[in-house]
Amino acid sequence: MRVLFMGTPEYALSSLHAVFAKHEIVGILTRADKPNRRGNRIEFSPVKVFALEHGIPVFQPEDMKDPALLEELKALSPDISIVVAFGMMIPDSIINLPKHNTINLHGSLLPKYRGAAPMQYSVLNGDSETGVSIMYVTARLDAGDVIHAKTIPLTEDASNGEVHDSLAELGAEALIEALELLESGRAVRIPQDETKVTFAPSISKEECVIDWTLPAAVVHNRIRGLSPIPGANTRLPDGKLLKIYKAEKVSGDYSGEPGMVVDVIKKKGPVVMTGDGAVCILSAKPEGKREMPGFEIVNGHYLKVGEQL
């Protein structure tokens, strides 16, 4: 099929490669270029880099409702549009342009976790499984009919970063299968059950702060659900920030106030009390320093037994 692809970050590349291998990509829409962190040069999105490398027409609209953009896209005669982490609202005129309309790859098993952070919430909530859904794009956020879904198990130690990478690959597989269903006329539209809808809004800075009074399982899920980005954080005794990227629940007859360092596990790291149980910090980044293993946090004198986070 003739495909119009809309996407921006690295997450979209697995899907883009898969679609490119089996279909004709007639155009790519991606977000506008932006300066790097130091502001001394402009960075292209990973999707734009792919488009330029493969000679595919690329569009970076500031206004998706621009009539000139619609005319340019019409001239491409797409059979279908695919959205993977595009990051812009799409008007009905563009959604309905292709013969097969517009479909979107979403990182959850809809109707669970509509919104911007579905992968994070599956980990934050300690779910035992997650997956991807291929749905039709509608004016309502992530509310379109689902035409295909794939599921994978979630281990209790999986980080958001690991889930992100797994779903990028799973999503590429699901997209190709959905395109085959559409092309052969076998795609079935399954309306979402509105009574089972949950939401996954963007993670706020406040939600990244670890509440040590919560149970160890909840603290552990928060750390892995926010790793590596944006990172769960706490304050060291000197007031400086400590971002924690990996931890594990530990058993033992520990006692102390939530947030207190009560032990050090050799070759692992400091053990911190929570409201119910304890966790061992396995990887963290003190403010102004590099990420380091938990035992280096102790060896570097950032934390010791008896100190309070």
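Modeller: A crossing is right-handed if the near helix is turned clockwise from the far one by less than a right angle, and left-handed if anticlockwise. This is a predicted model, in which local features need pLDDT of at least 70 and side-chain atom pairs pLDDT 80 or more, whereas totals for chains, interfaces and linings use all residues. Residues are numbered from 1 along each chain as its sequence is written, and side-chain values use heavy atoms, without hydrogens and water.

Colleague: At what angle do helix H1 and helix H2 pack?
Modeller: Helix H1 covers residues 13-22 and helix H2 covers residues 46-53, both being DSSP runs (H or I, at least four residues; strands are E, at least two). Their axes, which are lines fitted to C-alpha atoms over the stretch in contact, lie 10 Å apart. The angle, on a scale from 0 to 180 degrees between N-to-C directions, is about 25 degrees.

Colleague: Which residues of H2 make the contact with H1, and is the crossing left-handed or right-handed?
Modeller: On the H1 side, Leu13, Leu16, His17 and Phe20 take part in the contact (heavy atoms within 4.5 Å). H1 passes H2 in a right-handed crossing, and the H2 residues that meet H1 are Pro46, Val47 and Phe50.

Colleague: How do H1 and H6 cross, and within what distance do their axes come?
Modeller: The crossing of H1 and H6 is right-handed, at roughly 35 degrees. H1 contributes Ser14, Ser15, Ala18, Val19 and Lys22 to this contact, while H6 contributes Ala168, Glu169, Gly171, Ala172, Leu175, Ile176 and Leu179. The axes of H1 and H6 come within 8 Å.

Colleague: Which element gives the largest share of the lining of the largest pocket?
Modeller: Of its 50 lining residues (an atom within 4 Å of a point), Pro9, Ala85, Phe86, Gly87 and Ala116 are the closest to its centre. Elements giving two or more residues to the lining include strand S6 (80-84), helix H4 (92-95) and helix H6 (160-183). The largest share, four residues, comes from H6.

Colleague: What is the phi of Ala85?
Modeller: Ala85, one of the residues closest to the centre of the largest pocket, sits in the loop between S6 and H4. Although Ala85 is not a glycine, its phi is positive, at about 55 degrees.

Notes. 1 Å grid on protein atoms, 1.4 Å probe; cavity = no way out; pocket = protein on both sides within 12 Å on 5 of 7 lines; lining within 4 Å.
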